[in-house]
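Dear colleague,

Please find the structure below, with its sequence. My notes on what was found in it follow directly after.

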Amino acid sequence: MTSQAHLDLLILPRWLVPVEPAGVVLSHYALGISGDKISLIAPREQALKHPATQVLELRESLLIPGLVNAHGHAAMSLFRGLADDLPLHTWLQEHIWPAESKWVNEHFVQDGAELAIAEQLLNGITCFSDMYFYPEILCQQVHHSGIRAQINMPIIDFPMPGARDTDEAIRQGLSLFDDFKHHPRIQIGFGPHAPYTANDENLSKVLTLANQLDIPIQMHVHESAHEVQESLDKYGQRPLARLAKLGLLGPRFQAVHMTQVNNEDIELLVQNNCSVIHCPESNLKLASGFCPVERLWQAGVNVAIGTDGAASNNNLNLLEETRTAALLAKAVANDASALNAHQALRMATLNGARALGMEELVGSLEVGKLADLLSVNLSALATQPVYDPVSQLIYAASSEQVEHVWVGGKQLLANRQLLRMNTQEIKHKAMFWQEKISKTNN
């Protein structure tokens, strides 16, 4: 890039962490955006020689890649706090599934998705992956909001809201793929719910189509000991081994949770170059078990991080999730050096992008990549003094310190204010559903 090249935006942070290369913290550097891409990363004085339409000075802020929430159920935000403090299968079968059967429709998904997207943007999430009913509604909300997403068509053996059977769900997934295959911010995948809710025939159908279209498959796998034992009783195999035998495992396969892991499981993940998506707070809350993040990391497995849905978390705060992941990894590994702050940030950014097949586009601050990024103001008392900005980000900062967010070069959050979404309207819609559901449940 020549010294005369014009920038749309020049950002001047105190610190810049590109994530790739790993472990680097740049002080008094600048980042330039042209169109939807990062076009310049250079020392401050050198960068200031470039003419820019807008210059943004962030003297006490850290600039990082946008956070990637690699697994969730956006519309379930309207079930936040509905059925707390219950084990997974009781929570799911006796409370969540009945509530979904009763309440989930297009309007529920529209309002719940809007709430989730607003919350995620406020928390610095620029890209998320989702698996829930009426995915076409979520696609529209993603389109209007400006956020980036991987939307996975849910596949279950029994009828679900929006689809009478598996074949209809698959047809809807194919239609979604056709509708959004050229969209700059939406990627479509398949989301078979779990090994215990998808039979071999339906999984084979999904695999054939995913291979033909080269699209991802995201699935809850090894979420609980009960799930693993049930598979052993029914199939004589652990769930991951069954999926391997069916041919589902591969670079496009995203295994969510993986709290029950042995050496054979790790070998299968490594051999097939699968990604694991770790959801520590949901796993803790539902007492599902502990994903052995350090063992997976050391084995070379790509580990990303997700919040899961707000019904089991109860928030969509990936910064908080990452802190929990880092602390939990140390306890599980019995090693204080496990999953250090830089690795944790990588898990929430570039590893997430890699899991979703987007690592060439987003996940790190590199010239030529899409300008998905955020700034975190570290001037608060709780993040003073700053010896290491990445350490402060992971172990001390609050999501309330996220000040600016850009997706594809377009600013969606400025000084904690959403630019495309009306927070009061979103809040009123959430209160409407709370009153409606509460009246009936009481």
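Glu114 counts as buried, since its relative accessibility is 15% and the cut-off for that class is under 20%. The model is a predicted one, and in it the side chain of Glu114 meets that of Lys429 in a salt bridge, with 3.0 Å from N to O. Glu114 belongs to helix H3 and Lys429 to helix H16 (residues 423-441), so this pair ties together parts that are 315 residues apart in sequence. Lys429, at 28% relative accessibility, counts as partly exposed.

The count of salt bridges comes to 18. Some of them share partners, and in this way Arg44, Glu45, Glu57 and Arg59 are joined into one network. Within that topic, the side chains of Arg44 and Glu57 meet at 2.7 Å, N to O. Arg44 is in helix H1 (residues 44-47) while Glu57 is in strand S5 (residues 52-65), so the pair links parts that are 13 residues apart in sequence. Glu57 is partly exposed, at 31% relative accessibility. A further salt bridge is formed by Lys37 and Asp36, whose closest N and O atoms are 3.5 Å apart. Lys37 is partly exposed, with a relative accessible area of 37%, and Asp36 is partly exposed as well, with 33%.

I turn next to the interior. In soluble globular proteins, nonpolar side chains tend to be buried together. The largest nonpolar core here has 115 residues, and Phe108 and Phe253 touch the most other members of it. Helix H3 (residues 106-122) supplies the largest share of this core, namely eight residues. Another core, of 14 residues, lies apart from it and has Leu9, Leu31, Leu63 and Leu365 among its members.

Which residues does Phe253 contact, leaving aside its neighbours within four places in sequence? They are Ile217, Met219, Val221, Leu243, Leu248, Cys274 and Ser275.

Strand S11 covers residues 253-257, and five of its five residues are buried, so the strand is largely enclosed by the rest of the structure. Strand S10 (residues 217-221) runs parallel to S11 and is joined to it by five bridges; in this pairing Val221 stands opposite His257. S11 also runs parallel to strand S12 (residues 275-278), with three bridges joining the two. There, Ala255 stands opposite Val276.

Ile215 is placed in the loop between helix H6 (200-213) and S10. Is Ile215 buried or exposed? Ile215 counts as buried because its relative accessibility is 5%, against a cut-off of under 20%. Not counting residues up to four places away in sequence, Ile215 touches Phe177, Ile188, Gly189, Phe190, Ala210 and Arg252. The C-alpha atoms of Ile215 and Leu203 are separated by 14 Å, the two residues being 12 apart along the chain.

On the surface, Leu284, Phe290 and Val332 form a nonpolar patch, with about 250 Å² of accessible area together. Val332 is located in helix H12 (residues 318-333) and counts as partly exposed, at 37% relative accessibility.

Some points of backbone geometry may also be of interest to you. One runs from Glu20 to Pro21 and has omega near 5°; Pro21 lies in the loop between strand S1 (7-16) and strand S2 (26-27). The other runs from Asn313 to Asn314 and has omega near 20°. Asn314 lies in the loop between strand S13 (302-305) and H12.

Positive phi values in residues other than glycine are the last item. Ala287 has phi near 50°, a positive value in a residue other than glycine. Ala287 is in the loop between helix H10 (280-285) and helix H11 (293-299), and its relative accessible area of 68% makes it exposed. Arg416 has a positive phi too, near 70°, and is found in the loop between strand S16 (410-414) and strand S17 (417-418). Arg416 counts as partly exposed, at 22% relative accessibility.

With kind regards

Technical notes. Residues numbered from 1 in each chain as written. Predicted model: local features only at pLDDT ≥ 70, side-chain atom pairs only at ≥ 80, totals over all residues. Heavy atoms only, no water. Patch = residues over 30% accessible without salt bridge, like charges linked within 9 Å, V, L, I, M, F, W, Y side chains within 5 Å. Areas by Shrake-Rupley, 256 points an atom, 1.4 Å probe, with all protein chains shown as cover. Salt bridge = Lys/Arg side-chain N within 4 Å of Asp/Glu carboxyl O. Helix = DSSP H or I, 4+ residues; strand = E, 2+ residues; numbered from the N terminus. Buried < 20%, exposed > 50% of the residue type's maximum accessible area, 1.4 Å probe, protein only. Core = buried A, V, L, I, M, F, W, Y, C linked by side-chain atoms within 4.5 Å. Contact = heavy atoms within 4.5 Å. Pairing = 2+ DSSP bridges.
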